[in-house]
Amino acid sequence: MNINFNTIISKSIPFVGLLSLAYGINTGLYYYLPKTVEYNAVPNDYNIEYNKYKFDNKLKEVVVVKKKPIKKKVVKKKEYKLNANIILKAIYSSNDNSGWIIIGEKSSTKTHMLSIGEKFKSFELQLVYSTYAIFTKDNKEYRLDLLSEKDKKAKFTTKKNIAAKKTETIKSEELNAIKQEDENQFALKRTLINNYTKNLKKIWRDIAIDDYKQNGILTGFKIRRINQNSVFAKLGLRDGDIIKSVNNIKMTSYSNAFSVYKKLSKTKDLSFLILRDNNEMELEYEIK
C-alpha cells in the first residue's frame with residue numbers, strides 16, 4: 001500500500017498546532033494558579049436556618065373599592081324677618097324723627113330699648129315716627145308699625161277685667177313702697193323700680209316727657225304732664241321740671257338716658273339734678 005507521506009504531514013499540521021496551543025495554555029495556568037487551596041470545614045454544630053413557606057396556588061384578585069366622597073350638607077341659615085318676629089310696643093319720637101323705641105320678640109317676654117343708630121339682629125334703627133319706625137339692613141329699609149288700636153283691643157281684652165280688679169291694690173302697694181325721709185330725699189323699694197322698668201306703659205300713663213333744647217341742642221328732658229296721684233308725684237317731681245342729669249350723667253342725648261335706664265336694676269342710689277323755676281335742685285333716692 002502506497003501512502004503519500006507528504007499528504008499525511010500536511011493534514012497533521014493543524015492537529016499538531018492545536019496540541020501545541022493547548023500545551024502552552026496548560027503550562028501557563030500551571031505556573032500562575034496557586035498550588036494549594038485552603039479549606040474551612042463546616043462545624044458539626046452549625047445549623048442552617050430552615051423556613052417553611054406555604055404559597056397559595058390560587059392568587060386572589062384584589063378588588064379596590066373607591067369610596068364615594070361624602071357630600072357635606074349645606075344648611076342655609078334662615079333670614080331673620082323683622083315684621084314676622086318683632087312687635088313694636090312703644091315709641092318716643094321728636095319733631096326731627098329722632099327718639100327711641102321699645103320692641104319685643106314674639107317668642108319671648110323680654111323687651112329691648114333702641115335709640116337711633118342702635119342695632120337689633122343686624123337691623124339698625126334709622127328714623128322714629130309717631131306710629132312706626134324705620135330700620136335698615138344691607139342698604140334696604142324695613143318699616144315696623146305700632147299695633148293698631150284694633151289689635152291692641154283684641155290682645156288685651158281678655159286681661160282687662162283682671163287688671164281692673166288689681167288696679168286699686170297695685171296703686172296702694174306702689175305708694176306704700178315710697179317713703180319720704182327729707183324734703184328732697186326718698187327711700188323706695190326695688191320691686192317698685194322693677195315693676196316700672198318692665199312695664200313702660202305704666203310710665204307713659206302717669207307722666208309725659210319732652211325734649212328740652214337750648215339753641216337747638218338737647219340739654220335735658222322736661223316733664224310736660226304728671227299725674228298727681230301717681231308714684232312720680234310722690235317722688236317729688238312736678239310739672240315743668242327739667243331733668244338735667246341722673247347720677248352725674250348729663251341728659252344731653254338719648255344714649256345717655258338709655259345708659260341710666262339699663263342700670264336701674266342694679267342701682268342702689270339715684271340722684272336727679274333738676275331745674276325748677278330756673279333754680280337747680282337735687283332729688284335723691286335710696287333703693288332698698
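Visitor: What share of the contacts between residues at least 6 apart in sequence joins residues at least 24 apart?
Guide: In this predicted model, 44% of the contacts between residues at least 6 apart in sequence join residues at least 24 apart.

Visitor: What makes strand S10 and strand S11 a pair?
Guide: Two strands pair if at least two bridges are found between them, and eight bridges join S10 (residues 207-214) to S11 (residues 217-226); the pair therefore meets the criterion. The two strands run antiparallel, and Asp-211 stands opposite Phe-221 in S11.

Visitor: What is noted about the phi of Asn-215?
Guide: The phi of Asn-215 is near 55°, which is a positive value in a residue other than glycine. Asn-215 lies in the loop between S10 and S11, whose hairpin has two residues between the strands.

Visitor: Why is Asn-215 called exposed?
Guide: The word applies to a relative accessible area over 50%, and Asn-215 has a relative accessible area of 80%, so the residue counts as exposed.

Visitor: How do you know that Asn-248 counts as exposed?
Guide: Asn-248 has 76% relative accessibility, and because the cut-off for exposed is over 50%, the residue falls in that class. Asn-248 lies in the loop between S12 and strand S13 (249-250), and its phi is positive, about 65°, although the residue is not a glycine.

Visitor: Which residues touch the most other members of the largest nonpolar core?
Guide: Within that core of 37 residues, Leu-188, Phe-272 and Tyr-285 touch the most other members. A second, separate core has 14 residues, including Leu-82, Ile-86, Leu-88 and Ile-101. In soluble globular proteins, nonpolar side chains tend to be buried together. Leaving aside neighbours within four places in sequence, Tyr-285 is in contact with several residues, among them Phe-186, Leu-188, Leu-235, Leu-237 and Phe-272.

Visitor: What makes up the lining of the largest cavity, in terms of nonpolar, polar and charged residues?
Guide: The lining divides into 29 nonpolar residues, one polar and no charged. It consists of 30 residues, of which Ile-203, Ile-209, Tyr-261, Leu-264 and Phe-272 lie nearest the centre of the cavity. The volume of the largest cavity is about 830 Å³, and the structure holds two cavities of 30 Å³ or more.

Visitor: Which element supplies the largest share of the lining of the largest cavity?
Guide: Helix H7 does, with five residues; other elements that each supply at least two residues include helix H4 (190-198), helix H5 (200-206) and strand S14 (269-276).

Visitor: How do the residues lining the second largest pocket divide?
Guide: They divide into three nonpolar, five polar and two charged. Lysine counts as charged, so Lys-198 and Lys-262, both in the lining, belong to the charged class. The pocket has a volume of about 330 Å³, and strand S3 (111-115), H4 and H7 each supply at least two residues of its lining.

Key: Residues are numbered from 1 along each chain as its sequence is written. This is a predicted model: local features need pLDDT of at least 70, side-chain atom pairs count only at pLDDT 80 or more; totals for chains, interfaces and linings use all residues. Side-chain values use heavy atoms; hydrogens and water are left out. Helices (H or I, at least four residues) and strands (E, at least two) are DSSP runs, numbered from the N terminus. A nonpolar core is a set of buried Ala, Val, Leu, Ile, Met, Phe, Trp, Tyr and Cys residues joined through side-chain atoms within 4.5 Å. Buried means under 20% relative accessible area, exposed over 50%, partly exposed in between (1.4 Å probe, protein chains only). Contact means heavy atoms within 4.5 Å. On a 1 Å grid over the protein atoms alone, a cavity is a set of points where a 1.4 Å probe fits but cannot get out, and a pocket is an open set with protein on both sides within 12 Å along at least five of seven lines; lining residues have an atom within 4 Å of a point. Grid points are joined across faces, edges and corners, and a volume is the space filled by probe spheres set on the points.
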